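Work through the exercises below with the predicted model open. Each task is followed by a solution in steps.

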Amino acid sequence: MFELIYRPGLLRGKRILVTGGGSGIGQTLATAYAQLGASVYIAGRRGAVLDEVARSLSAATGSAVQGRVCDVRDPDAVEAVLDGIWADGGPLDGLVNSAAGNFIAPTEQISNRAFNTITDIQFRGAFYVTNGCGRRWIAQGHKGNVVSIIATDVRCGGPFHVPSIMAKAGVELMTQSLAVEWGGYGIRLNCIAPGVLRTEGSATRLDPLSERGWSATDNPMGRIGELSEMANVGVFLMSGGLGFLSGETLALDGAGQRANGATFSALRALSAQQWAEIRDSSKGATDALKPQRGANQSTPTADSTVTREGKA
């Protein structure tokens, strides 16, 4: 639960789907929406995790929270989930594209399979879900709201996580394009670009910098971001009082990108041995999640596995 700056019940009556809602930023936003009275669907690949998060949030907030197993890389699976949600109570009011996969590695070590996995989740997956909702909203004359999670590195490049930042840059362009194309239907689309946030994924798989040349004091505000701040920004964009805000990206990074450029630039100084240590540490953290996904759902990285910010 988070300390929110909004009046209780602000989102009561809203129906919102959050992809990647079983962990990380996706779970953060799902929690905030449920706290404010929305009915929330969380989609991801790990059914047991989704069910547990949904039960916990429902009990804590009193709102209806349901899990939907879905691999956003599969357009047929996406369509089936959306059909089920619409049949469960009518059209969604909001969508959050938070399902993501990421790892850090020298780009020359990234396999084509790893590249495809990351971009299929973040780029194609975001399009499948957004377009599926958009078609339904347009057909029914229903005003919708899409919030997509990208990253500040779309503004300056993203060394050492090139597949992810390529995909997120595409999602930002999709947002800007559809804001124009669908604006006449009353559909809004915006992005949040977080900097370094305190999440489980960043701590175990995406944050080697604290031991290898980076610290929170490098940020102009002398710290990293908190999930409660992400929750408040997510509610801001999903609320109904901003009907004229569309096609924009809000950065939540304490001006870190403006001061320091790309997030992982400091990794240029790492040796081959240090990169091997990062790869092995990342692989170990990801392997620990495999029993929750199922043996047939392994995913590749530069070497063998993909670490995830929000599980697809």
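Two strands count as paired if DSSP finds at least two bridges between them.

**Exercise 1. Find the residue of β6 that is the bridge partner of Leu 95, and describe the pairing of β4 with β6.**

Step 1. Val 146 is the bridge partner of Leu 95 in β6.

Step 2. β4 covers residues 94-97 and β6 covers residues 145-149; four bridges join them in the parallel sense.

**Exercise 2. Give the strand order of the open sheet, name its edge strands and state its twist.**

Step 1. Seven strands with parallel pairing make up the sheet, in the order β3-β2-β1-β4-β6-β7-β8.

Step 2. β3 (65-69) and β8 (249-252) each pair on one side only and are the edge strands.

Step 3. From one strand to the next, the twist averages 20 degrees.

**Exercise 3. Classify the packing of α3 against α4.**

Step 1. The axes of α3 (residues 75-89) and α4 (residues 112-140) come within 9 Å and cross at roughly 40 degrees.

Step 2. Angles under 35 degrees count as roughly parallel and those from 65 to 115 as roughly perpendicular. α3 is therefore oblique to α4.

Step 3. The crossing of α3 with α4 is right-handed.

Step 4. Residues of α3 in the contact include Leu 82 and Trp 86, and those of α4 include Tyr 128 and Trp 137. By class, this contact of α3 with α4 has eight nonpolar, two polar and four charged residues.

**Exercise 4. Classify the packing of α4 against α5.**

Step 1. α4 and α5 (residues 162-181) pack with their axes 8 Å apart, at an angle of about 15 degrees.

Step 2. That angle makes α4 roughly parallel to α5.

Step 3. α4 and α5 cross in a right-handed sense.

Step 4. Among the contact residues are Phe 115, Ile 118 and Phe 123 of α4, with Met 166, Val 171 and Leu 178 of α5. The contact of α4 with α5 divides into eleven nonpolar residues, five polar and one charged.

**Exercise 5. Over which residues does pLDDT stay under 50, and how many contacts does the model have there?**

Step 1. The chain averages a pLDDT of 88, and 85% of the residues score at least 70.

Step 2. pLDDT stays under 50 over residues 293-301, for which the model has 27 contacts beyond four places in sequence.

Step 3. Residues 303-312 also have pLDDT below 50, with 65 contacts in the model beyond near neighbours in sequence.

Step 4. Where pLDDT is low, predicted coordinates should not be read in detail.

Terms used
Residues are numbered from 1 along each chain as its sequence is written. This is a predicted model: local features need pLDDT of at least 70, side-chain atom pairs count only at pLDDT 80 or more; totals for chains, interfaces and linings use all residues. Side-chain values use heavy atoms; hydrogens and water are left out. Axes are lines fitted to C-alpha atoms, for helices over the stretch in contact, and angles run from 0 to 180 degrees between N-to-C directions. Helices (H or I, at least four residues) and strands (E, at least two) are DSSP runs, numbered from the N terminus. Angles under 35 degrees count as roughly parallel, over 145 as roughly antiparallel, 65 to 115 as roughly perpendicular and the rest as oblique. A crossing is left-handed if the near helix is turned anticlockwise from the far one by less than a right angle, and right-handed if clockwise. Contact means heavy atoms within 4.5 Å. Ala, Val, Leu, Ile, Met, Phe, Trp, Tyr, Cys and Pro count as nonpolar, Asp, Glu, Lys and Arg as charged, and the others, Gly among them, as polar. pLDDT is the predictor's confidence in each residue, from 0 to 100.
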